[in-house]
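This note is written for a colleague who is meeting the structure for the first time. Please read the points below with the model in view.

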Amino acid sequence: MKLQRVNRYINPFHIIILGFFFVILVGSCLLALPPATLDGKGAPFLDALFTATSATCVTGLAVYNTAEYWSLFGQTVILILIQVGGIGVVTIAMAISLFSGRKIGLMQRSTMQEAIAAPQVGGIVKMTGFLLKGVLLIELLGTVLLSFRFCPDFGIAKGIWYALFHSVSAFCNAGFDLMGTENGSSLMRYVGDPLVNITIILLIIIGGIGFFTWQDIVLNKTHFHKYRLHTKLVLVMTAILILAPAAYFFFLEFSQDRWSVFSIGDKIFASFFQSVTLRTAGFNTVDLTGISEPGQFVMVVCMLIGGASGSTAGGFKVTTLAILLLATIAVFRKREDTQCFGRRIAGDTIHNALAIFMLYLILCFFGTILIANAEQTSLMMALFETASALATVGLSLGITGALSAASKIVLILLMFLGRVGGLTLIFAIVSNKRPFFSHYPEEKVTVG
């Protein structure tokens with residue numbers, strides 16, 4: 001009887017939030033152990049909590065250099081947290097149930113549906129199998145390709161470990177790296193390397209377009225007209241949000257004198273890489289502090305947009321932006337319905353998109369103000385750090401390690417909210433409320 005009473009108040013959104021919280025807590029405890037650090041002392045708990053949150057929420061912000069502070073045990077814990085966070089805690093739990101032969105109940109299916117933004121409960125178990133096979137295959141292929149570069153550079157054993165770590169980190173859009181600071185941060189030493197650039201870019205894009213987009217492409221191949229509206233919007237917006245920032249970086253940013261040491265090839269790769277990594281991946285091949293303020297602001301906007309729903313990426317999502325733009329166009333054309341590709345978009349979808357967009361703006365605003373005041377830093381530095389955490393990107397202008405405890409707590413909360421999703425948190429609070437059926441009298445309000 002008590003169990004039934006508890007189940008009345010537990011919904012899929014609660015399970016998702018509690019799942020991520022539990023994984024982060026376990027990861028924090030493991031990273032605080034002495035074997036997790038190279039000095040054998042273990043990390044302070046707040047720093048361990050920050051790192052575990054960043055890894056599980058596939059962000060990539062780090063208070064310590066991953067290669068120079070964490071031991072192999074610590075790096076392995078981080079990699080496992082990245083994988084669990086990228087695929088999703090619920091997906092991992094579902095996979096364990098499938099492999100153990102346990103029956104998948106309706107509650108588990110419903111939770112899985114919410115976790116990966118599936119349009120319906122039907123076929124969710126089959127989708128889980130497809131997802132896991134796809135993830136393993138893509139990450140394995142990425143590991144093999146990166147091994148051709150990292151093994152000659154670091155030796156066979158270390159090269160394979162580096163290839164595996166960066167393949168998983170790139171696919172999960174995490175942004176953690178093991179390159180150290182000897183040749184600049186992240187992947188700066190490979191700014192003009194075709195193999196590393198193309199492999200990492202493809203891993204980021206594949207991870208960021210979403211699991212249901214993969215399924216649509218696998219089923220319908222190149223027949224664009226057969227794709228779901230969701231897939232069409234994801235692919236179109238992804239292409240625009242890669243090409244437009246890349247053009248900006250190439251023609252307006254990297255054409256400046258400070259980047260004259262780069263060849264044309266370096267500038268092309270750097271432009272595309274920075275454009276793609278802003279989709280919440282967190283790697284960089286150039287020194288971000290050298291980017292102009294307008295360029296940094298473009299990066300903030302791209303970070304907040306993020307990738308696709310039901311993917312390893314964060315942000316308020318490309319489909320949210322697409323829906324808002326389409327709704328705006330409908331208003332300008334004085335159309336009652338929002339339409340695209342011969343389909344009408346439901347009103348509740350537009351309301352959800354607007355709610356998500358406003359929630360991200362509000363969180364970004366308050367996070368920026370809090371960090372700017374706590375650290376007495378410039379507004380752009382605080383905005384960049386806040387957007388990177390909230391959108392689970394992981395790019396930084398170099399202030400993460402020097403942040404105060406208060407700012408670290410703010411970023412931890414933002415990373416957590418950014419990964420579980422603002423609507424998930426809201427629905428976890430209000431979804432058990434009774435629906436409100438009565439309507440007040442309607443009255444017009446002048447806007448604009």
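The numbered points that follow concern a predicted model and take up its salt bridges, a surface patch and one threonine.

1. Four salt bridges are found in a search of the whole structure. One of them joins Asp-193 and Arg-149, whose closest N and O atoms lie 2.5 Å apart. This pair links distant parts of the chain, 44 residues apart: Asp-193 sits in the loop between α9 and α10, and Arg-149 in helix α8. Asp-193 is buried, at 13% relative accessible area, while Arg-149 is partly exposed, at 25%.

2. Another salt bridge is formed by Arg-228 and Asp-216, with 3.9 Å between the closest N and O atoms. Arg-228 belongs to the loop between α11 and α12, and Asp-216 to helix α11. Arg-228 counts as partly exposed at 33% relative accessibility; Asp-216 is buried at 3%.

3. Arg-258 and Glu-253 also meet through their side chains in a salt bridge, at 3.6 Å from N to O. Arg-258 is partly exposed, with a relative accessible area of 47%, whereas Glu-253 is buried at 0%.

4. A nonpolar patch lies on the surface, with about 750 Å² of accessible area together; its residues include Leu-354, Leu-361 and Phe-365. Helix α16 gives the most to this patch, with seven residues. Leu-361, found in helix α16, is partly exposed at 37% relative accessibility.

5. Thr-320 is placed in helix α15 and is buried, with a relative accessible area of 5%. The side chain of Thr-320 reaches the backbone oxygen of Phe-316 at 2.6 Å. Beyond its neighbours within four places in sequence, Thr-320 is in contact with Ala-353 and Ile-356.

Terms used: Residues numbered from 1 in each chain as written. Predicted model: local features only at pLDDT ≥ 70, side-chain atom pairs only at ≥ 80, totals over all residues. Heavy atoms only, no water. Helix = DSSP H or I, 4+ residues; strand = E, 2+ residues; numbered from the N terminus. Buried < 20%, exposed > 50% of the residue type's maximum accessible area, 1.4 Å probe, protein only. Polar contact = N/O pair within 3.5 Å; in protein donor to acceptor, adjacent residues only side chain to side chain. Contact = heavy atoms within 4.5 Å. Patch = residues over 30% accessible without salt bridge, like charges linked within 9 Å, V, L, I, M, F, W, Y side chains within 5 Å. Areas by Shrake-Rupley, 256 points an atom, 1.4 Å probe, with all protein chains shown as cover.
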